[in-house]
Amino acid sequence: MDDLVGLAVIVILVVVAGAICGLIALVQLNGLKQEVAVLRAKITHLQTHKSISQSEPQSEASTAQAALSRSEPIAHKTQPNLTSQSVSPPVINQPSAPSKKAKPAEASAIELLFNKLRAGFEENWMSWIGAIALAFGGIFLAKYSLEAGLLSPVMRLSLGGLFGLGLIAAAAYLHHKRIVFEGFNNYIPAALASGGFITCFALTLLAYSSYDMLSPTVAFFALAVIAISASAMALRLGPLLAVLGIIGAYSVPIWVSTGSGNLFSLFMYVGFVSLSAALVAHKVQRAWLWYLLWAGHIGWYLVGFTLLKINTVWLMGAFALLSIIGLIAIPRLGLKLNVIEHRPHSLKRLLKVLPDHALLLAFMAPLIFTMLISHFDMQWQTIGVLSIVLVLFLVLKNSRWDIWQGVALVISTLLMIGAERTHLSPNLFDDALFIFKNEYGLGLLLGLLLTAFGLYYGKKQIKRLAFHITGAFSVFVMIATLYTLIPNSALSTAYPLWAVVLFVVAAILIKLAQHNTTLFQRFTYWVGANANITLAITMLLSDSGLTIALAVQVLLISVLIKRYSVPMPHWPIKALVAALLLRLTLSPWTPSYDALTVFGLHWSIVVYPLCIALFFAAAKCFDSSKLKIWLEGAALHCLALFITTETSYQLVGHYPQFDSLNFYEQILLTYNWLALGCVYLHRAKLAGTLAKLYQVAGFALVGLAGLFAIKTLLDDNPLFESLYIGELPIFNWLLLLWLVPAGLTLWLAKLVKPINAKATPFILAVAGGFILLAINSFIRQYWQGPYIYLSKGTSNAELYSYSVIWLVMGAGTVIFGHLKNQLLIQKIGLGLLAAVIVKVFLIDMANLEGLLKALSFIGLGLSLVGLSWLFQKLRSRVNPV
């Protein structure tokens, strides 16, 4: 019963899908019918209007003459005005005017499609409902005969089979006699045939699963014959049966399984079904039939990987390559692969060649992935090489597949990686000839062959840029990959050969660049030559040498673009810069970089400033360009990395470990990230389309700085813990802890105000808190020395100094506010003065007695009176009467 339920679900999906596809097929026909109806209505209207005009010529003439006589004086008076203003005369009694006014607005494409689908369904709804009813009638008949036990199993299946065959015969008869004739839109025969094939399909499953009357092999072939017969009949009756046949044929291995796991038999069946479905799809000319074909074929191809064994690797590879030929090459190039196209295409057009790219990726990606995770042997190596040969062969046949040369290069690289993982042996490098063996020999050979391929065909077809790129960069990519795989101890043996190869290829590219006719070809060869030379020099240096070489490459490409005025797209340079920035970002926390030095100095002191300079120099090559902003942003990112990492390294001897930062590292990171965040936000004003990116980066850095500031305030506060802050007044760790962040926070408030004005008061309050902490801490450090924690106690002199200094600062703030006519600043100053007064009364004068207390109150009173007089004086100058 589960099989019946599952089959019923599939039947419903098939019929509904077929209904939709058939309705889509009605779009053109219904559209033509509607256009014919509109034309007939217009012709009738014109004929009626003509008869009316002929029957009443005299009355219209007299009416027109009277109207003209009445309007003549007005027209005579207004004629000069109309002429001077160039106003077109009004149209009188034009039959087209009402039609223009009454013309409805044009409907959208979706509304038109919906209306056409609805019209098609309204015309053929009985056919579709009849097809569904027939299909379910056959299924329910089989189910009822099974449950009621009315007839013997053989009789039940025979009667059901006769019913299904009768429906199919009736459909063929109706189509043959042309009783309903609409070409491929002959829905009534298609509906009858659909019900018949579904009935036969269901009865075969019943005979196999419920009655055990058929063996798996017989049931398998019976279902396959039914499905393929439906596809064959679809050539006469239309796409509905094609959908049924394709889905039914591909689903046969699901319903009937022999349990043998025979991958060869499965692929033979799938290949036969795909061939039949391709013929049907080509004949019926429906794009969605190809989608069903691709889905079924690729689905069983992926299932085949679950049955993969060591002795069936060649089968998977052969099936993948034959599928590429059958589903991609033959539909484009013809059965004999003789439809050749050498016309050059732009990169944008090459990227949009669909579905070819998607199909190639669907077949090659699982194959290469399985190769990487499996044991690399001669079978996989042969499959990989054959894949490269096939891809390059197809490139020569059709220039729309030029981008597949990159696929061949990727496969070559992955072949090396797979071989390196499998053949890794500690004794491999004892033999000096290891550079010609295993992955090293394979990589070098593939690189040279791809280079020769690109240069040869690039010379024959100059305008196809992909050939030039393959010839210029294949050796570079392959040797660069080998360079990353080889251990440092074996590099000295491999370097002489690799350097010679790189320099020879670079010399060939330079020679070719001097005799080329196209600008892109010269530019590509120059860049490829520089890349090879840079890689050869890099291998002489340490790991940071590759970083420097890549940065130099960015500058060289930028200089070449400016020198030759090459209209090169910016994304390759952006991709190179992004990869370089990722390398620079991760390097400080890579173990191999811990003790790395360049010219006797720690690597970050040399690499980061050099990359900053190279990026800024490259940015100078692009005037008023988005790439200029991109490169300047890369330089700022390097500056951020340099400040973040080098300050911590010089302080504690290692790069920041964010889970175990000490007090001083937190101070530096808070200051650095807050400063860099402000720089990024300031940069956002000039970044154009990259403004959002700069804003996100700036706010992220500010947020991190805020988190570290809160952590320092709560956990590592020198006012609460015994932390050394320095001996010198002002010029100590308190300067970076609170005073400098206070100034940066004020700058931040100014930068944030145009973005979010509501956040500005909060940021100003944070800045005020920093200033308050900084001044009080400076005063305490002056009296207490390098340790200022509060549990040490406070002397009277220190208490008085707080009052005096804040009294002066409060007064100065009020005066400044009056001079600038800023009420907020005045209120802040008055608040400071009020706080000082409260402190003096409650704390400073609490322990005074006698004459000292009297003199203190007198001095405080005189000070307040003097300040009041000064404020009135300033107010009178600012606001004269």
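Of the 881 residues of the protein chain, 43% count as buried, a term that stands for under 20% relative accessible area, with exposed meaning over 50% and partly exposed the range in between (1.4 Å probe, protein chains only). The model is a predicted one, in which local features need pLDDT of at least 70 and side-chain atom pairs count only at pLDDT 80 or more, while totals for chains, interfaces and linings use all residues. Residues are numbered from 1 along each chain as its sequence is written, and side-chain values use heavy atoms, with hydrogens and water left out.

The protein chain has 30 helices and two strands, taken as DSSP runs (helices H or I, at least four residues; strands E, at least two) and numbered from the N terminus. Among the buried residues of helix 13 are Leu-359, Leu-360, Phe-363 and Leu-367.

A loop between helix 25 (691-714) and helix 26 (733-752) holds Asp-716, which is buried, with a relative accessible area of 16%. Its side chain makes polar contacts (pairs of N or O atoms within 3.5 Å; within protein, one must be able to donate a hydrogen and the other to accept it, and residues adjacent in sequence count only if both atoms are side-chain atoms): one of 3.2 Å with the side chain of Gln-666, and one of 3.4 Å with that of Lys-711.

Ile-805, by contrast, is found in helix 28 (residues 796-820) and is partly exposed, with a relative accessible area of 33%.
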